[in-house]
Structure formats: C-alpha cells, structure tokens
Amino acid sequence: MGYDAIRARIAAAAESAGRPAESVRLLAVSKTKPVDAILPLIAAGQRHFGENYVQEAAAKWPALKAAHPDITLSLIGGLQSNKAKAAVQLFDVIASVDRPSLVQALAKAMRSTGRAPRYRIEVNIGEEPQKAGVLPADLPALLALCRAEDLAVDGLMAIPPADADPAPHFAALVQLAHDAGLPEISMGMSGDFEAAIAQGATEVRIGTALFGAR
Ligand SMILES: *Cc1c(COP(=O)(O)O)cnc(C)c1O
C-alpha cells in the first residue's frame, strides 16, 4: 500500500474518532529496508522514522539526517545496555525503555555525550512472559527512576498480544498514560493501527504496510 493511502487511512480513522488528522503521527518503520526504499518517503515529506537495531540504524541514518535535519529518528526495538551510548548519540527518541539497569546506562550515556533524547517507556500491556516491556504494576517506579536520572519521558509504547482483540489493551495503555500524566501514546502497527487510533494513539508505527513485507 502506498504512502498516500496509509496517510488517508490514518486521517479517516482520526476523523471517525473525532480527532484532527494531525493529532496522529505516522512513524515509518524502516527496519531491514535499504536507504533506497527510504528515500522516496523522505521525498514525499515523511519526517518521522523508526528503527529496531542500533547497528543497522547507525549505518543508514547519519547521512540521511545530515541531509534532512528535520527528520526525527526513533528507536523502537529492544536496547542492550552496552549499546546505550551509541543509541543516545543517534536517536532523537528512545521508545523501548523497560528496566532500571537500562535507565542507569542511558543516564550515564547522556552525561558522557551531552546528548538528551526524549524517551518512552515500553509497557508489556498484555503481561506476556516472553515479551519486552515493564509490567503495568512496575511502571510508576520505573517512571520515578527516569525522572530522578533526568530522562525526559514523554509517553508510553506497547505491542498488544498477537492473537487477541487489541482494543482493550490499547485502552489499558491509554489509561496508564493518562494516570501518569504522559501525553504520547505510541501504539498500533500495520495490522491494527485504525483500532489504535480509535482508542487514542498519538503515534502509529507502520512498517509492512508502507514498505512491503520484510
Ligand atoms: C517492526 C515493528 C513495527 C512495524 O510493524 P509492521 O507490522 O511491519 O507495521 C512497529 N513497532 C515495533 C516495535 C516493531 O518492532
């Protein structure tokens, strides 16, 4: 599906929810896709991109960001603490903060680089044993630690369980963000972004529907 068609579906879903289209950010998820696949989207005006792997992003993005300083790059994949410094140097948003040891590593990386990205906390909203993300019950403590370490957290991110209706999980994430006073809610992917917008997503993360299968 093309870029314009996805944008039109986002706008229609926002309108159905009584929200302006601009209230939902499209994060184009370009993991595994080469620069040649990304350039047409940049030419079409897309400015928010997401990547999963620090090393891959470090190979693809510095030149693109130098050419287009208004691009924002988000890390949406799991982050190992030993890559915290590289991540802080490259990304504008780190959306996969999920444990105290990573918060400490990011704080140290910010001190040593002088860089200060924005952060989101990844929540294991379906409380699935195999999945990344902080459990909802542990969110307040992790958020307090982020604040104590001067990490600027502006929202939450989650991936709902694969084989269930995502709507109640999206609603639960919205409630958590509301309770924590956080404005940004990153939820919804190629298969469920309209349901996420209906529940209140401020950002949808779309890969396959924009770039084709990986
Ligand atoms: C890969 C990925 C996406 C995009 O998924 P699609 O189904 O390809 O749209 C969104 N969010 C995260 C965290 C991802 O890892």
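Trainee: In this predicted model, which residues of α5 meet which residues of α6, and what makes that a contact?

Mentor: On the α5 side P100, V103 and Q104 take part, and they meet L142, L145 and C146 of α6; the word contact applies because heavy atoms lie within 4.5 Å. The residues of this contact divide into 5 nonpolar, 1 polar and no charged.

Trainee: Why is α5 called roughly parallel to α6?

Mentor: Helix α5, residues 100–113, packs against helix α6, residues 139–148, at an angle of about 15°, and their axes are 10 Å apart. Angles under 35 degrees count as roughly parallel, and therefore α5 is described as roughly parallel to α6. The crossing of these two helices, α5 and α6, is right-handed.

Trainee: How do you know that strand β5 pairs with β4 and with β6, and in which sense does β5 run relative to each of them?

Mentor: Pairing requires at least two bridges between the strands. Among the partners, V93 is bridged to R118 in β5, and E122 stands opposite M157 in β6.

Trainee: What makes β5 and β6 mostly covered?

Mentor: A residue is buried when its relative accessible area is under 20%. By that cut-off, 4 of the 5 residues of β5 are buried, as are 5 of the 6 residues of β6, which spans residues 152–157, so each strand is described as mostly covered.

Terms used: Residues numbered from 1 in each chain as written. Predicted model: local features only at pLDDT ≥ 70, side-chain atom pairs only at ≥ 80, totals over all residues. Heavy atoms only, no water. Axes fitted to C-alpha atoms, helices over the stretch in contact; angles between N-to-C directions. Parallel < 35°, antiparallel > 145°, perpendicular 65-115°, else oblique. Left-handed = near helix turned anticlockwise from the far one by under 90°. Nonpolar A, V, L, I, M, F, W, Y, C, P; charged D, E, K, R; others polar. Buried < 20%, exposed > 50% of the residue type's maximum accessible area, 1.4 Å probe, protein only.
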